[in-house]
Amino acid sequence: MKKRADIFLCTGGAICLITVCIIIMGWFWTPYDPTAMDAAAKFSPPSLQHLLGTDNFGRDIFSRVVDGAGTSFVIALCVVAIGCIAGIIIGSLCGYYGGLPDLILTRVCDSITAFPAFLLALVIVSVAGPGTENIILALGILFIPSFARIVRSEFARCRELNYIKSAKIMGAGGFRIMFRHILPNTLPVLLSTVTIGFNNAVLSEASMSFLGIGIQPPYASLGSMLSDSQSFLYSAPWYALGTGGAIVLLILGFSLLGEGLQQKR
Amino acid sequence: MARVLNIRDLRVHFKDAAPDRFAVDGLNLSIQEGEILGLVGESGSGKTVTAMSVSGLLPRDKAEVSGSISLDGQEIFSCTDKEMLNILGDKLGVVFQEPMTSMDPVMTIGPQVEECLKNHSRLSRAERRRRALEALDQADLPDPERIYRQYPHELSGGMLQRVMIAAAIVSRPRLLLADEPTTALDVSVQAEILALLKKLNREQGMAILMISHDLNVVRRLCSRVCVMQRGKLVEDRAVEDIFRQPRHPYTKQLIAAIPSRDRRLV
């Protein structure tokens with residue numbers, strides 16, 4: 001079991017490292033301008049000039065994929081950060097103190113989860129209007145309950161442990177116990193939740209862009225590119241393959257990492 | 001001599017228990033300065049609940065408590081949460097039964113021993129470190145500098161129990177509450193820990209409330225013994241008297257239950 005976890009961790013780590021390196025590179029340099037059109041090079045198949053070919057406007061797909069993956073990555077990172085920080089605050093207070101506030105907040109989180117997540121994000125985005133910040137906000141709010149629930153259960157478990165009791169007896173206050181003693185002990189669980197959350201965030205952002213309520217053209221996004229490529233599935237299959245492959249790679253890396261962390265626990 | 005701990009008519013009732021069943025039922029107990037008091041009784045007799053009441057660890061939503069407990073002259077039931085935090089660790093040190101689970105696994109020993117000082121004093125980091133090393137040394141740990149930097153899983157159970165004792169005495173409390181501190185340890189380590197507690201009592205004049213179900217331990221360490229049965233105090237006398245002439249039938253049973261060399265186990 002341990003060995004399998006190691007394999008997961010290593011492969012996942014390697015894939016993540018490569019994708020993150022490419023994404024960071026993409027912020028400074030891409031082979032072509034992701035939004036530059038070239039009428040002469042429409043639908044050219046993968047070649048040395050265009051690694052993943054070009055699309056219906058003659059834009060270089062590789063450059064667009066790298067750029068789009070960068071956007072997805074940043075959005076997913078922000079979403080996870082919002083969900084994680086808010087989730088930790090809510091979850092820790094609920095789990096440690098319990099009582100009526102815990103009951104109310106848990107029910108609120110439950111009711112957010114009860115909604116189809118996507119529908120809720122749609123509502124938020126259609127009220128606030130599409131745009132990167134609004135997507136981050138909408139997805140961020142949706143991600144709070146999953147973190148809050150896990151943090152809460154971990155805090156409720158740790159609260160009863162002997163070393164927390166002994167910290168209490170040594171006169172440590174509530175906040176000191178929560179954030180100095182309990183939080184570091186929940187890190188293994190939190191870390192695998194973060195990786196899973198990151199995957200879900202990438203997927204959610206891609207699906208929203210796929211439906212046209214995410215990143216707006218002409219900016220590249222993996223979801224909207226996948227949606228565009230549908231029309232050319234037979235004439236230019238590399239368009240869909242390249243874009244889909246990028247999403248798979250991005251998610252696979254973090255999935256393996258998360259799986260490995262979970263099994264290591 | 002002044003009383004370090006004075007418990008008057010303590011009653012603890014758990015809400016999910018039968019209405020007439022008290023975990024602690026009208027307990028009166030006091031400890032003089034520099035005294036080692038043993039509190040003995042079978043499982044469920046209310047020893048640990050008494051200790052939890054003193055250390056403020058009883059869950060407030062599950063237990064109803066009445067009576068009075070004064071620690072070094074301060075009534076703890078009328079304390080606010082903040083006052084209680086000031087008492088804990090400063091006037092009262094606690095050592096638990098399970099040293100292995102009583103230390104935070106992701107923190108090195110040093111900061112955990114310093115915890116009390118951090119919460120109660122405005123000492124500088126260097127001063128806290130000096131005091132922590134001093135406490136580790138007083139707890140007879142070899143090479144305190146190294147242990148200071150180690151993690152709990154790198155130490156043995158006996159060493160961890162010494163670390164727990166060091167953490168409990170670092171702020172020089174008036175009373176040390178030891179809840180079965182030797183139960184989880186093997187016999188030779190047990191003897192060392194008992195010797196350590198006795199030394200701390202002698203050198204620092206610290207009063208110790210020793211909770212145990214092991215009468216041999218109590219006999220070696222304590223000067224006075226209180227016997228509890230079903231939440232009530234049934235006997236409270238000097239240690240020699242109680243072992244020579246137990247008065248209460250329950251005490252007699254307890255003493256008869258001590259395994260000895262002369263008596264064969266059937």
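This is a predicted model: local features need pLDDT of at least 70, side-chain atom pairs count only at pLDDT 80 or more; totals for chains, interfaces and linings use all residues.
## Ground rules

Local features need pLDDT of at least 70 and side-chain atom pairs count only at pLDDT 80 or more, while totals for chains, interfaces and linings use all residues. Residues are numbered from 1 along each chain as its sequence is written, chains are lettered from A in the order in which they are written, and side-chain values use heavy atoms, with hydrogens and water left out.

## The largest pocket

Let's start with the pockets (open sets of points on a 1 Å grid over the protein atoms alone, where a 1.4 Å probe fits, with protein on both sides within 12 Å along at least five of seven lines; lining residues have an atom within 4 Å of a point). The largest pocket holds about 1,200 Å³ of space, a volume being the space filled by probe spheres set on the points.

Its lining runs to 34 residues, with A:Lys168, B:Gly56, B:Leu58, B:Pro59 and B:Arg60 nearest the centre. By class, 17 are nonpolar, eight polar and nine charged. Here Ala, Val, Leu, Ile, Met, Phe, Trp, Tyr, Cys and Pro count as nonpolar, Asp, Glu, Lys and Arg as charged, and the others as polar.

α5(A) gives the most, seven residues.

## A greasy patch

A:Ile18, A:Ile22 and A:Trp29 are among the residues of a nonpolar surface patch. Helix α1 of chain A gives the most to that patch, with six residues.

Notes: Patches are made of residues with over 30% relative accessible area and no salt bridge: like charges are joined within 9 Å, nonpolar side chains (Val, Leu, Ile, Met, Phe, Trp, Tyr) within 5 Å. Accessible areas come from the Shrake-Rupley method with a 1.4 Å probe; for residues, only the protein chains shown count as cover. A salt bridge is a side-chain nitrogen of Lys or Arg within 4 Å of a carboxyl oxygen of Asp or Glu. Helices (H or I, at least four residues) and strands (E, at least two) are DSSP runs, numbered from the N terminus.
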